[in-house]
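Okay, thanks everyone. Let me put the structure up, and then I'll walk you through a few spots in it.

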Amino acid sequence: MPNVRRPRPEEPKPLDAYDKALTLLVRREHSAKELKSKLTRRGLDSAAASEALAKLQAKDFQSDARFGAMLVRSRIEGGYGPRWIIAELKTHGIGEAGARELIDAAEPDWAELVRRQLQRRYGGKSAKSLGERAKRAAFLLRRGFDAATVQSVTRAEGLDSSADELD
């Protein structure tokens with residue numbers, strides 16, 4: 001059998017900014033700010049990253065509105081409140097007004113979400129004391145729910161009958 005030489009595979013050419021950005025977007029949605037940051041961290045200059053981003057946005061491969069809607073749905077399902085979601089969207093370059101529009105479009109029932117978080121965390125047991133109710137409220141506030149919603153749900157949750165006399 002004759003010795004046949006196989007051609008060496010060509011070395012792949014390095015990906016340009018557009019290809020790298022597209023590779024990142026295939027995995028998941030990214031905000032424009034996040035995508036540009038990742039490209040510059042990978043050694044591409046800012047101008048090339050901006051140009052690639054503009055091409056991707058022109059083809060609707062990258063959309064801050066789509067990214068924001070995905071993030072809002074994900075965080076609502078994860079049990080986070082509007083303050084948390086707005087703060088996270090701001091870190092991705094989406095302003096407060098845009099963040100509020102995205103949240104309003106999702107039409108969440110915040111009171112129901114608060115109840116689900118309480119059920120998940122405390123198993124449906126009512127608070128035994130005012131201190132326990134305060135602890136639960138603090139937990140919900142850290143999750144980004146607004147004080148009025150937290151107060152209405154934790155008050156409605158009530159205390160055991162012996163502690164009700166303290167109110």
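Predicted model: local features only at pLDDT ≥ 70, side-chain atom pairs only at ≥ 80, totals over all residues.

Is Gly 81 buried or exposed? Its relative accessible area is 0%, so Gly 81 is buried. What does Gly 81 touch, leaving aside neighbours within four places in sequence? The answer is Trp 110, Arg 143, Gly 144 and Phe 145. Also, Gly 81 and Pro 108 sit 27 residues apart along the chain, with 9.5 Å between their C-alpha atoms.

Next, let's move on to α5, residues 82-91, and α6, residues 96-106: their axes come within 9 Å and cross at roughly 130 degrees. That angle makes α5 oblique to α6, and the crossing is right-handed. From α5 you've got Pro 82, Ile 85, Ile 86, Leu 89 and Lys 90 in the contact, and from α6 it's Glu 96, Ala 99, Arg 100, Leu 102 and Ile 103. Sorted by class, that's seven nonpolar, three charged and no polar.

Now go back to α1, residues 17-27, and α2, residues 32-41, which pack at about 125 degrees with axes 10 Å apart. These two are therefore oblique to each other, and their crossing is right-handed. Here Ala 17, Lys 20, Ala 21, Leu 24 and Leu 25 of α1 meet Leu 35, Lys 38 and Leu 39 of α2. That contact has six nonpolar residues, two charged and no polar.

Terms used. Residues numbered from 1 in each chain as written. Heavy atoms only, no water. Axes fitted to C-alpha atoms, helices over the stretch in contact; angles between N-to-C directions. Helix = DSSP H or I, 4+ residues; strand = E, 2+ residues; numbered from the N terminus. Parallel < 35°, antiparallel > 145°, perpendicular 65-115°, else oblique. Left-handed = near helix turned anticlockwise from the far one by under 90°. Contact = heavy atoms within 4.5 Å. Nonpolar A, V, L, I, M, F, W, Y, C, P; charged D, E, K, R; others polar. Buried < 20%, exposed > 50% of the residue type's maximum accessible area, 1.4 Å probe, protein only.
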